[in-house]
Amino acid sequence: MKRFGPVTAVRDISLTIGEGEVAGLLGPNGAGKSTTLHMLLGLITPDAGTVEMFGLELARHRVEVLSRINFAASYVDLPGALRVHEVLDAFARLYAVRHPGRRVAEMIELFELGAFRRRQVMALSSGQRTRVQLAKALLNAPRLLVLDEPTANLDPDAGDRIRGLLTGVARDSGSAMLITSHNMREVERMCDRIHFMSDGVIVAAGSARELAGHYGVDDLEEVFIKVARQNEPRRPVNEARPSLNEARPSLKEARP
Ligand SMILES: Nc1ncnc2c1ncn2[C@@H]1O[C@H](COP(=O)(O)OP(=O)(O)OP(=O)(O)O)[C@@H](O)[C@H]1O
Ligand SMILES: [Mg+2]
């Protein structure tokens, strides 16, 4: 459980992710997805309860657990003044990767970073930076790769390539992945199992097809809307959502 002041961001959550499985964590803005991921990564500690992965309690086996996972998110900055290959070298050493030079070269090839390996990270476009982030996140061959909206900055073509790459990595290396995304097509394509979060708890889980069947709709986008509306947190009366008409100021009024 994690609280931020009056807000309970995450209540009680349990997910099972098999080897090589890609799991999706979906839910409306503010549902508690990123907070959940940050607790798995030990970036924040729960106010109550414990975090367990691989059958180990994170607080008691921190190094052992964290050495088996890695993370990428568009909101995490890499050291901008360093060149791409320097960043990857530095992280490979930090992770104590066995053959750092070889591993960095593999990641540069996998994510097609050869053309910018000597460029400073700050001089990369956000899509290029995402590829560096993912290369960094795979350096230690994590058993669990945690990705918070990994393709949010990518153009459709780049996003499609990255999805293909990540799916291939999960299949070939057995790395499990836990992904958040607001792109329903992406989730349908990548995720073996989907967990819907709302107001700090998981309210539905299954494959995209199972969920669509269960809710009697055609696709995940419709499942999302249905689940989100069914589970909308009840607000106190004085915080009731204004009707659209009330909420929309008239353009005329807003003009100087
Ligand atoms: N550092 C923080 N301080 C205060 N409140 C926070 C903090 N981090 C998250 N929250 C609150 O906790 C709740 C869950 O936030 P979280 O970022 O986990 O949502 P999310 O599901 O990742 O949403 P999104 O889809 O918008 O990324 C929200 O109400 C948010 O405002
Ligand atoms: Mg988030």
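Biologist: Which residues of H8 are exposed?
Modeller: Arg209, Gly213 and His214 are, on one side of the helix. Exposed means over 50% relative accessible area, buried under 20%, and partly exposed in between (1.4 Å probe, protein chains only). Helices (H or I, at least four residues) and strands (E, at least two) are DSSP runs, numbered from the N terminus.

Biologist: What kind of model is this?
Modeller: It is a predicted model: local features need pLDDT of at least 70, side-chain atom pairs count only at pLDDT 80 or more, and totals for chains, interfaces and linings use all residues. Residues are numbered from 1 along each chain as its sequence is written, chains are lettered from A and ligands numbered from 1 in the order in which they are written, and side-chain values use heavy atoms, leaving out hydrogens and water.

Biologist: And which H8 residues are buried?
Modeller: Ala208, Leu211, Ala212 and Tyr215, within residues 208-215.

Biologist: Why do they line one face?
Modeller: Down the axis of H8, the buried residues fall within an arc of 100 degrees, so they share one face. The arc covers directions from the helix axis to the C-beta atoms.

Biologist: What covers them?
Modeller: The cover includes helix H7 (184-190), strands S9 (193-198) and S10 (201-206), and helix H9 (220-230).

Biologist: What comes after H8?
Modeller: Gly216, with a positive phi near 65 degrees.

Biologist: New topic. What does Phe196 touch?
Modeller: Beyond neighbours within four places in sequence, its contacts (heavy atoms within 4.5 Å) include Leu26, Leu211, Leu220 and Val227.

Biologist: Last one. Which H3 residues meet H5?
Modeller: Val84, Leu88 and Phe91, against Val132, Ala135 and Lys136 in H5.
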